[in-house]
Amino acid sequence: MRHAPLLSRIAILRLAACLSPCIAAPAWCGDSDLAIKFTPSWYQSADGNHAWDLNLRANRGPHSLWAGQYLAREGQRQLRSGYEYTQVFPAGQVVWSAQAASGGFVGGSATLRVGDPFYLIAGLGRTNLHNYYNLNFDPNDAITLGAGTGAIAHTELALYQVRDDRLGTGQRITHLYAHLNLTDGDRLSLDGTYKRGVADDGMLVRGHGLTLTYTHRHTFIRIAHDPYANFGSVSQNRFSVGLTY
């Protein structure tokens, strides 16, 4: 942790400042829109280099702060932090995001959603090209293009693609996403993916993945299968449990 970049340390301190009033005065949290989510994840890799990924996130209004720790069996580890701001305007919204991590990583992104009930999606991400164990497993230096709709009752559908536009790898992941509101307290999300591109070892890879998330009130369970995770040489199964307070 002593090697974490300054931005990472600042974000973690801001997260602690955001959470500290809840510890000192729980009533303050009850009167605000502050939400805290803790998500531990277990990554089962085909090569045996399994990993834990622990993440703590705080949301209040349009602001989000988060911190995470990645710990792999073979010794890889990384402390991460980030900040997001959701800017809402009459035709849609923009999500601005900044991330930092130990090892010198710094990155940022902006994702636009415009239209209702049919909407367009466009995004851009940039980093300083240092190693980063990201949460979404999409290319970091990439553009995002897609469309979606909420016109179907209790359902949201989206089709979008995240593709490398900087490093010439041809890496791209296409997402077909569905979110279903089953009851007032139960939700189901499905994210089917198809990836294609040049892996780290120079070989062209392609494969289909699937992520299922079931949410009951303030708890969710997520199961994912990801071939050639992060465009590496091995496939990965991921298991997550999330608790929101």
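With a relative accessible area of 36%, Phe239 is partly exposed (buried means under 20% relative accessible area, exposed over 50%, and partly exposed in between, using a 1.4 Å probe and protein chains only). Strands and helices here are DSSP runs, numbered from the N terminus, with at least two residues (E) for a strand and at least four (H or I) for a helix.

Because the model is predicted, local features need pLDDT of at least 70 and side-chain atom pairs count only at pLDDT 80 or more, while totals for chains, interfaces and linings use all residues. Residues are numbered from 1 along each chain as its sequence is written, and side-chain values use heavy atoms, with hydrogens and water left out.

**The nonpolar patch around Phe239**

- Phe239 belongs to a nonpolar surface patch with Ile221, Ile223, Val241, Leu243 and Tyr245, and together the six have about 570 Å² of accessible area.
- Patches are made of residues with over 30% relative accessible area and no salt bridge, joining nonpolar side chains (Val, Leu, Ile, Met, Phe, Trp, Tyr) within 5 Å and like charges within 9 Å.
- Accessible areas come from the Shrake-Rupley method with a 1.4 Å probe, and for residues only the protein chains shown count as cover.
- Strand 13 and strand 14 each bring at least two residues to the patch, and strand 14 gives the most, with 3 residues.

**Salt bridges**

- There are 8 salt bridges, each being a side-chain nitrogen of Lys or Arg within 4 Å of a carboxyl oxygen of Asp or Glu.
- One of them joins Asp226 and Arg238, at 3.2 Å from N to O.
- Asp226 lies in strand 13 (residues 219-226) and Arg238 in strand 14 (residues 236-244), so this pair ties together parts that are 12 residues apart in sequence.
- Both partners are buried: Asp226 has a relative accessible area of 6%, and Arg238 has 10%.
- Lys195 joins Asp226 and Arg238 in a network of salt bridges.
- Lys195 also lies over the face of Phe231, 5.0 Å from the ring centre (a charge sits over a ring if NZ of Lys or CZ of Arg is within 6 Å of the ring centre and within 35 degrees of the ring normal).
- Another salt bridge links Asp33 with Arg60, at 3.8 Å from N to O.
- Since Asp33 is in the loop between helix 2 (26-30) and strand 1, and Arg60 is in strand 2 (residues 51-60), the pair ties together parts 27 residues apart in sequence.

**Arg113 and its neighbours**

- Arg113 forms a salt bridge with Glu156, their closest N and O atoms being 3.0 Å apart.
- Glu156 belongs to strand 9 (residues 155-164) and Arg113 to strand 6, so the pair ties together parts that are 43 residues apart in sequence.
- Glu156 is partly exposed at 24% relative accessibility, and Arg113 is partly exposed at 31%.
- Arg113 also lies over the face of Tyr119, 3.7 Å from the ring centre, and stands opposite Ile121 in strand 7.

**Paired strands**

- Strand 5 (residues 92-101) and strand 6 (residues 105-114) run antiparallel, joined by 10 bridges; two strands pair if DSSP finds at least two bridges between them.
- Within this pairing, Val94 stands opposite Leu112 in strand 6.
- The hairpin of strand 5 and strand 6 has 3 residues between the strands, and Gly103 takes a positive phi near 95°.
- Strand 6 also pairs with strand 7 (residues 118-127), in the antiparallel sense over 8 bridges.
- That hairpin has 3 residues between its strands, and Gly115 in the turn has a positive phi of about 110°.

**Aromatic rings**

- The structure holds 5 aromatic pairs (rings of Phe, Tyr and Trp, taking the six-membered ring of Trp, pair if their centres lie within 6.5 Å; planes under 30 degrees apart count as stacked, over 60 as edge-to-face and the rest as tilted).
- The ring centres of Tyr43 and Tyr70 are 6.3 Å apart and their planes are at 40°, so this pair is tilted.
- Tyr43 is in strand 1 (residues 34-45) and Tyr70 in strand 3 (residues 63-72), so the pair ties together parts 27 residues apart in sequence.
- Tyr43 is buried at 6% relative accessibility, and Tyr70 is buried at 8%.
- Tyr43 also pairs edge-to-face with Phe137, at 5.7 Å centre to centre and 75° between the planes.
- Ring pairs link Tyr43, Tyr70, Tyr133 and Phe137 into a cluster.
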